[in-house]
Amino acid sequence: MMKAFKGWSNCCVAGLLSSFVWLSPNAQAQKLELTLLASDLTAPIHLEELPDGSGRFVVVQQDGLVKLMAADGKVQPEPVMDLRSRMLPVANDFEERGLLGFALHPQFAKNGRFFVSYSSPLRDTAPQNWNYTRRISEFTAKTGNTLSVDLQTERVLIALDWPSRKHNGGAMAFGPDGMLYIGMGDSGASHGIGKSVIWEAFNVPAEALLWDDIAQDRHSLYGKILRIDVDHGFPGYAIPTGNPLTASQGRPEIWAWGFRNPYRIAFDSNGSGDLYVTAIAETLWEAAYKVSGPGNFGWPRMEATHCVDRLKPRHPPKQCDKTGSDGEALEMPVVEYANMQTNHPESTLGVKGVGTAITGARMYRGEKIPSLQGKLVVADWSASFKQASGQLFVAHPTNQSQALWPLEKILQIDSRIISLAQDRRGEIYVLTHDGMGPFGNTGKVYKLQPSP
């Protein structure tokens, strides 16, 4: 068992940021802790409860294995699915590729259908020297007391060639409308095409920046949230009513655009239809967006609420155009915080960095922690890049239009937080891994609970 700080705490970050508001400790707030459920995992990136009343979960690992976890945390030795034979092998290094998204069909208990997003080897028709081919695929599981998946049931819905190893996005979720939503990164090609990263975020040359703009290109799937109907249009999928673009305006699968790396997405489980998208920073600002409908979410014109100058990334302009190519207003996040790059000696922002990468945002709808009810739990990968030190925050919603939600730090642990999950009662789970990538067995599943 790993305990959090006592009550809410604002002890661990120096300075008051204009866009990152620390709240005073609340004497009535419950003390929280993380209870260990499962260990010896490899980069558990997603956790989803089976809809059969058993309390069992599927644990999805970035390395391509999907395992079954009982309600008491015991993990079945044999995996439900082993996708590694169809994946691009993941590197024993800092690694963003792999099995990145998973979603059970709303009628999974009846039809056994589920959907995944993963990095497969580059297909023969792809541009030469690109990195891999992203697959969005459907599989069918044999359900019951045991769960198993035949890889021959795969139905590939989308195959998208990826030029680099970065900015993958990858998360998936079914909305209350029954449609499948898919996060697609902007391809990462501004860092160089091929197997290696040629340019890091703060030294991308002018000739590579055209790749950033692909997130604004509505005729491309990169840098978007897609919305598709997987129950019609067989053998492919159908375009749902309400998607904003016609074929002449862009790709009709697109629901929202202007994202660099929509790493995790999650719907508010109260059925409001609000989708929360985590946007990992390219340079200075981590953000979470409340996506209530179609729109332009700013990248690369904005990073969170801040202007961007990619050739002078540590010296962003204070003023910039906050509209899209059609004059549409850019959508602003509900949460943002400065990452550790703002501590660099060349930075002129005058703010203290808080974390390294935003890795989850879940609206709490459970009953065990009343003080969190209706608040957004936010995860940061690690307070330090080199030392595992994952953080949890809580964001307090405000009714003020375009106002950022005040953030409060509630917990820090000696591991990296790579994702958040939620059960069917709205309780929150924290998925961690000590290493830099999907290798080793330091992955764990914790449940966020009130202290005794």
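Predicted model: local features only at pLDDT ≥ 70, side-chain atom pairs only at ≥ 80, totals over all residues.

Student: How many disulfides come out of the count?
Tutor: The count comes to one disulfide, where the term means a pair of cysteine sulfur atoms within 2.5 Å. Cys307 is joined to Cys320, with an S to S distance of 2.1 Å.

Student: Where do Cys307 and Cys320 sit in the chain?
Tutor: Cys307 is in strand E21 (residues 306-307), and Cys320 is in the loop between E21 and strand E22 (335-338), 13 residues apart. Helices (H or I, at least four residues) and strands (E, at least two) are DSSP runs, numbered from the N terminus.

Student: Which hand does the link of Cys307 and Cys320 have?
Tutor: The link is left-handed, with -85 degrees about the S-S bond.

Student: Why does Cys307 count as buried?
Tutor: Cys307 counts as buried because its relative accessibility is 6%. Buried means under 20% relative accessible area, exposed over 50%, and partly exposed in between (1.4 Å probe, protein chains only). Cys320 is partly exposed, at 28%.

Student: Turning to pockets, what is the volume of the largest pocket?
Tutor: Its volume is about 990 Å³. On a 1 Å grid over the protein atoms alone, a pocket is an open set of points where a 1.4 Å probe fits, with protein on both sides within 12 Å along at least five of seven lines; lining residues have an atom within 4 Å of a point. Grid points are joined across faces, edges and corners, and a volume is the space filled by probe spheres set on the points.

Student: Which residues lie nearest the centre of the largest pocket?
Tutor: Of its 42 lining residues, Phe94, Glu96, Lys166, Ala357 and Phe385 lie nearest the centre.

Student: And the second largest pocket: what lines it?
Tutor: The second largest pocket has about 640 Å³ of space. Its lining has 25 residues, of which Glu48, Phe174, Ser269, Arg362 and Arg424 lie nearest the centre. Strand E3 (44-49) is one of the strands that each supply at least two lining residues, and E3 gives the most, with four residues.

Student: What does E3 pair with?
Tutor: E3 is joined to E4 by five bridges, and the two run antiparallel; strands pair if DSSP finds at least two bridges between them. Glu48 has Val58 as its bridge partner in E4.

Student: How many residues of strand E4 are buried?
Tutor: In strand E4 (residues 57-61), five of the five residues are buried. Phe57, Val59 and Gln61 point one way, while Val58 and Val60 point the other way. In a regular strand the side chains alternate between the two faces of the sheet.

Student: What follows E4?
Tutor: E4 and E5 form a hairpin with three residues between them, and Gly64 in the turn has a positive phi of about 110 degrees. Four bridges join E4 to strand E5 (residues 65-69) in the antiparallel sense, and Val59 has Lys67 as its bridge partner in E5.

Student: Is Met363 buried or exposed?
Tutor: Met363 is buried, at 5% relative accessibility. Met363 belongs to strand E23 (residues 358-363). Leaving out residues up to four places away in sequence, Met363 touches several residues, including Asp268, Tyr276, Trp405 and Gln422; contact means heavy atoms within 4.5 Å.

Notes: Residues numbered from 1 in each chain as written. Heavy atoms only, no water.
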